[in-house]
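Open the model in your viewer and keep the selection panel at hand. We will go from one stop to the next, picking residues as we go.

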Amino acid sequence: MSHSWVTIAIPMDSARTAATRAELRKMGNPAEREVRVALREDLKIHFMSTGVIDGDPGAPAHLVIEASSDLPPDATIALLARALAPWYGPAFAAAGIKGELATVMRAHHVKTGQGLLDHPGLDFTGSPGMTVKRIREEWRLARGVRDLFDAKSYRGTALEILAQVRADVRKGKPFKDLQHLLEPEPTPCLNAPPPAKSTAAIVASLIVPAALTFLWPVIVPALALTLLAIGLSWGQGALTVLVGLTGLFLTLVATLVGAAAIYAGLRKREAADLPDNSLPDDAVLAEIAQDENKAAQNHMTGVSRMKPGHLRRITLRLAFWFIGKVASAYYRPGFLGQIGTIHFARWVLLPGTDRLVFFSNYGGSWESYLEDFITKAHNGLTGVWSNTQGFPKATNLFADGATDGDRFKRWARRQQQPTPFWYSAYPHVSTARIRANASIRQGLASAATHEEADLWFAQLGARTPPPSLLETREIQTLLFGGLKHHPYAALLALAAPADTAAARVWLKALKPLVGYGDQPDPKQVGMLALAPAALAKVGLPASGLASFPFAFRDGMASEVRSKILADTGDDKPAEWLWGSGTNTADAVLVLYARTPALLKAAEAKAMAAKGVRLVHRVALRPLDSAAQASGRGLKNQEHEAFGFADGVSQPLIKGVRRWRASRDQIHEVEPGEFILGYPDNRGFLPLSPTLPSEADPANILTTVAPPPEGGYAPDLGASHANLDRDLGRNGTFLVVRQLAQDVRRFDEALDAFTATAMNHVGAPPLDRPKLREWIAAKMIGRWKDGTSLVRYPHRPGTGWQGEHPHIEPDNDFLLGAEDPVGHRCPFGAHIRRANPRESFEPGSMEQLAIVNRHRILRAGRRYESYVPAKGKKREDGGLMFICFNADLERQFEFVQQTWMMAPQFHGLENEVDAVLGRGRQREEDGDRVMARLTIPTPAGPLHIRGLPDVVRVRGGGYFFVPSKSALDYLSS
């Protein structure tokens, strides 16, 4: 069975685009229920979308329909015309398109190819050989098998348990219409990848086919002339041979000259290319964000403009041809290189225009999708999109370009446009889940040996196949460490005066409280971070504020960010004590002191600033009392409210003292991952806020000073030529979230889980207190003393009775290499979600590098229960979560959305983080999203279900942490 791709581009009146989009919006993104019902009746359409692409002034716009189907194109068009007539009729009328739906659609069907004369386009599927019906049925089968394990306990070897499950499936009512799945069926997406070949070998194998495909206008005439010459000299012996050899030689020369001309033309144009680093339109981003992350999948429409000239049309076809050949011959079926998250995607050049359109249906968030491409498939992206305007500078068509991740993502966002209508036949099934469900079905149907049964059994346990010279005096001190010698601390959320002059006076009064450098003042240190409102109040021009990332300007309490962070229910911003509405903070000031008296004096200075208003205050728990309460004898180790050692795993910034002393080198990152103005892990400077062009930067912001003799000077490159206007340099972005923790409810839940686990055949033979501690450790991924389950799977490293007190929390382990199937640390455990290390590709240092691109630098502390205001009830204590990021979306939001709160993280199905999952169960399109934890055991998975809501968001925000020079400028 093969899929078909249908792309229909119908010209329409440009004056009617708004009305047409409004009609298409009625169909929904994702599709409204009535539309889903109409399309699912035949179960033939995988994905489809419909939108409007604007034209140049005086040129028509286009109504564009794209669909991925199990039917041939004509049949697909007939199905769409019939099923969607109630909605397409008004939309076509709004566009001024007349005629019978199917007829019009067939007339404008765009047939694409990769040959020299074909209309340029490229299609890709991540589920080859899989029909809509099969994907949905295998999903039901896998869910039903898991329900069997929830309902009963199986005993015996893996092969014996498999036989019992197989028998239950044959006789069970939920499986009545799925019996045909007990027969094996070819599954290309489960095939092993072809033997690996070097890039040089792949290129060599494609040179001749590429020449025949793209240089035949040169080769054919040369060969024809050669044959004519041979014919004219035929019968003259040596002369005929000489003529033939000469003709072939001249054909080869003509071919090489043609290839050289194309290459020389390409390089000349690449040298003249000018990348566009402008920001995306905020309104467009906001509209796109409203449609994203409503399911396990997302849809993307990107519209780029081709660079002028016929040569770029040839190199575009060449890129399509090369990607298609490599993907079909050298990649694992359903994978684009190492990327396995794409369901269906296509590029197509819009007929009669210079618009190159990209449609993609992919799993996970946009941020994770683009990061995958940047790391694993940047050459292919560059090969195609380097032919379009504004793309990051490329070399030799396929090199560089998309490797500059931050600029590529900004470019990609600028190309993206909202999709009014999008449909998915299985919106809550990822490609990884499709493969896992297919594997479960194949094993259930055909596994006959103990080894095959073991592999099948493991699937149910959620198994997945197995330099910078820092300007320290410019950087706020908290970025260099947690200030353990300053045990007393308080967070003040402040509001600034509305008047610009008064706001600058206010900011200048707070400046003396801020500490800089990696050697803190021994008495008192402060950290100051500003919200967008504060930047506006002190007079930063709109053009300067607009250079800050959209996520920062949008704010944590916005509807878009709340959706990304899963801040719903009693965690929604409207329920917060501070950070939203009238209680929004313009700044946060976190003060740290050696003694309570020093802290009190620092707070008094802060509140004496003219015009200051206190929005909210939280006293943080002194570190000494936290260490004493731990009872484990671990020096300087703070514990959070549930009793677990906190702050064990942190990224290590190269160039700071802690990095030099550390042995856990797997956690090291370049400064640019957290501090703006320095190279990141990929060698690029992160995008940074800038001063407005009309400002005079002289003597305001620090530029790079000459390195000390023998020291290291970073190569900042041409991309940072305007360093003196870099408002962000030596600064970072701050996330603050006040997280109340319900300890009583957490303990009660642990007691209940322990009672349940005592009856599970796979639970370890422990008494009730030790089993309770075992379950808690499985939820977190560490024992309470901070030692890991990976290295200490059966008991804490410090011992149950406190022996071996010298053992410290460990952090140098590799989750994938040491625990590939989650038998020690479950895939859903809190620390495995927060930092999967190389778990997705066990032992892969490349995967570890990808994960390290999403790390956050935490600096939070615990706080006690308190009464927030007179007349208010006492609030639970908890964690004042504080973390630093160079990119809020790629780091904090990615971790929260793609790892912590993702129902299908790491091959799991409908589980969210065991601690932060908010303890809710909801229905999404018939799919259950639960707060639960799967613990693999020798007798099958132990499911800890009904996790309560024990962590509640009580306030927070996104803030900018300025450098010393930036703070001087902003307050001047």
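A charge sits over a ring if NZ of Lys or CZ of Arg is within 6 Å of the ring centre and within 35 degrees of the ring normal. This is a predicted model, in which local features need pLDDT of at least 70 and side-chain atom pairs count only at pLDDT 80 or more, while totals for chains, interfaces and linings use all residues. Residues are numbered from 1 along each chain as its sequence is written, and side-chain values use heavy atoms, leaving out hydrogens and water.

**Charges over rings**

Select Arg837 and Phe813: the charged end of Arg837 sits over the Phe813 ring, 3.9 Å from its centre. Next, pick Arg413, which lies over the face of Trp366 at 3.8 Å from the ring centre.

**Aromatic pairs**

Rings of Phe, Tyr and Trp (its six-membered ring) pair if their centres lie within 6.5 Å; planes under 30 degrees apart count as stacked, over 60 as edge-to-face and the rest as tilted. By this rule there are 30 aromatic pairs. Show Trp347 with Phe358, a tilted pair at 4.9 Å centre to centre and 40° between the planes. Both Trp347 and Phe358 are buried (under 20% relative accessible area, with exposed over 50% and partly exposed in between, using a 1.4 Å probe and protein chains only).

**A last stop at Asp586**

Is Asp586 buried or exposed? Asp586 counts as buried, at 5% relative accessibility. Display Lys537 too: a polar contact of 2.7 Å joins its side chain to that of Asp586 (a pair of N or O atoms within 3.5 Å; within protein, one must be able to donate a hydrogen and the other to accept it, and residues adjacent in sequence count only if both atoms are side-chain atoms).
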